[in-house]
Amino acid sequence: MVRLPDTAEAVRRRPGRPKGDRVLATREQLLHAAERMISEHGPGATMEQIAAAATVTKPILYRTVGDRAALVNALSEAMIDRIAAAIGNALTGHIQPREQFESAIRGYLGAIDADRNLFLFVNTGRQETNELRRLVDRSATLMIELFSAAPGLQTPTTARTWAYSILGAFQVVTVMWLESDYSDRNTVAADLTALLWPGIELAGRAD
């Protein structure tokens, strides 16, 4: 005979929560499962697939991480950290400014190429305006510091405008490059440098 839980026990055990309220997965484990599913299934990976990969129910996923927009925000943070690290590594060494700029672009594209489905997931998902602005500011930090060192771009507002403009160009070019694979990343980096560097160099020479 099957024993039905009494009312008090049913109240304590919310849907998707195991008996005893023990934690099935941490936030970090759920985010790791999300990355794995996105890598395997592409940017269209569903919350159902992510929950299944973590062997939890959707209610637990939503309660621990949040909805799809919250997941996009959390994974955006991880993506930005990897891009920032790649750009920082690319900027090491004593090289000419143009070479430094192109190396930074190659580092940016390399980090994205390594996690292309994750990049497409976070850039095609829904984000709240305030959260999107915060993430853009994080992404622009390294570029603002780089441009602030140029003689003609030493005002904070000018450096910020250049950083945001270049991020916008990177965003569109990178999404189209990932979705169509129309060129290799070194060629894309060289093309972006040829397009953007003359303006930066001209501003740097301004009195």
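Start by selecting W197: at 11% relative accessibility, this residue counts as buried. You're looking at a predicted model, so keep a pLDDT colouring handy as we go.

**The partner of W197**

The rings of F101 and W197 form an aromatic pair, with 5.6 Å from centre to centre and 40° between the planes, which makes it tilted. Show the helices and you'll see that the pair links distant parts of the chain: F101 belongs to helix α6 (residues 97–114) and W197 to helix α10 (residues 185–205), 96 residues apart. F101 has 4% relative accessibility, so it counts as buried.

**A second pair**

The count of aromatic pairs comes to 2. For the other one, pick Y108 and F170: their ring centres are 4.9 Å apart and the planes make an angle of 40°, so this pair is tilted. Y108 is in helix α6 and F170 in helix α9 (residues 156–180), so parts of the chain that are 62 residues apart in sequence are tied together here. Buried or exposed? Both Y108 and F170 are buried.

**Along helix α9**

A polar atom of the T174 side chain lies 2.6 Å from the backbone oxygen of F170. T174 has a relative accessible area of 1%, so it is buried. Which residues does T174 touch, leaving aside those up to four places away in sequence? Show Y108, L109, I112 and F119 to see them. Next, bring up W177 together with R116: the charged end of R116 sits over the W177 ring, 5.6 Å from the ring centre.

**Over to helix α5**

Select residues 68–90, the 23 residues of helix α5. At 1.5 Å a residue, α5 should span 33 Å, and its end C-alpha atoms are 33 Å apart, so the two agree. At the start of the helix, zoom in on D67: one of its side-chain oxygens reaches to within 3.2 Å of the backbone nitrogen of A69. A69 is buried, and other buried residues of α5 include L71, V72, M79, I80, I83 and I87.

**Last stop: confidence**

Colour by pLDDT. The chain mean is 78, and 75% of the residues reach 70 or more. Over residues 1–18 the pLDDT is below 50, and this stretch has 18 contacts in the model beyond near neighbours in sequence.

Technical notes: Residues are numbered from 1 along each chain as its sequence is written. This is a predicted model: local features need pLDDT of at least 70, side-chain atom pairs count only at pLDDT 80 or more; totals for chains, interfaces and linings use all residues. Side-chain values use heavy atoms; hydrogens and water are left out. Helices (H or I, at least four residues) and strands (E, at least two) are DSSP runs, numbered from the N terminus. The expected span of a helix is 1.5 Å times one less than its number of residues. Buried means under 20% relative accessible area, exposed over 50%, partly exposed in between (1.4 Å probe, protein chains only). A polar contact is a pair of N or O atoms within 3.5 Å; within protein, one must be able to donate a hydrogen and the other to accept it, and residues adjacent in sequence count only if both atoms are side-chain atoms. pLDDT is the predictor's confidence in each residue, from 0 to 100. Contact means heavy atoms within 4.5 Å. Rings of Phe, Tyr and Trp (its six-membered ring) pair if their centres lie within 6.5 Å; planes under 30 degrees apart count as stacked, over 60 as edge-to-face and the rest as tilted. A charge sits over a ring if NZ of Lys or CZ of Arg is within 6 Å of the ring centre and within 35 degrees of the ring normal.
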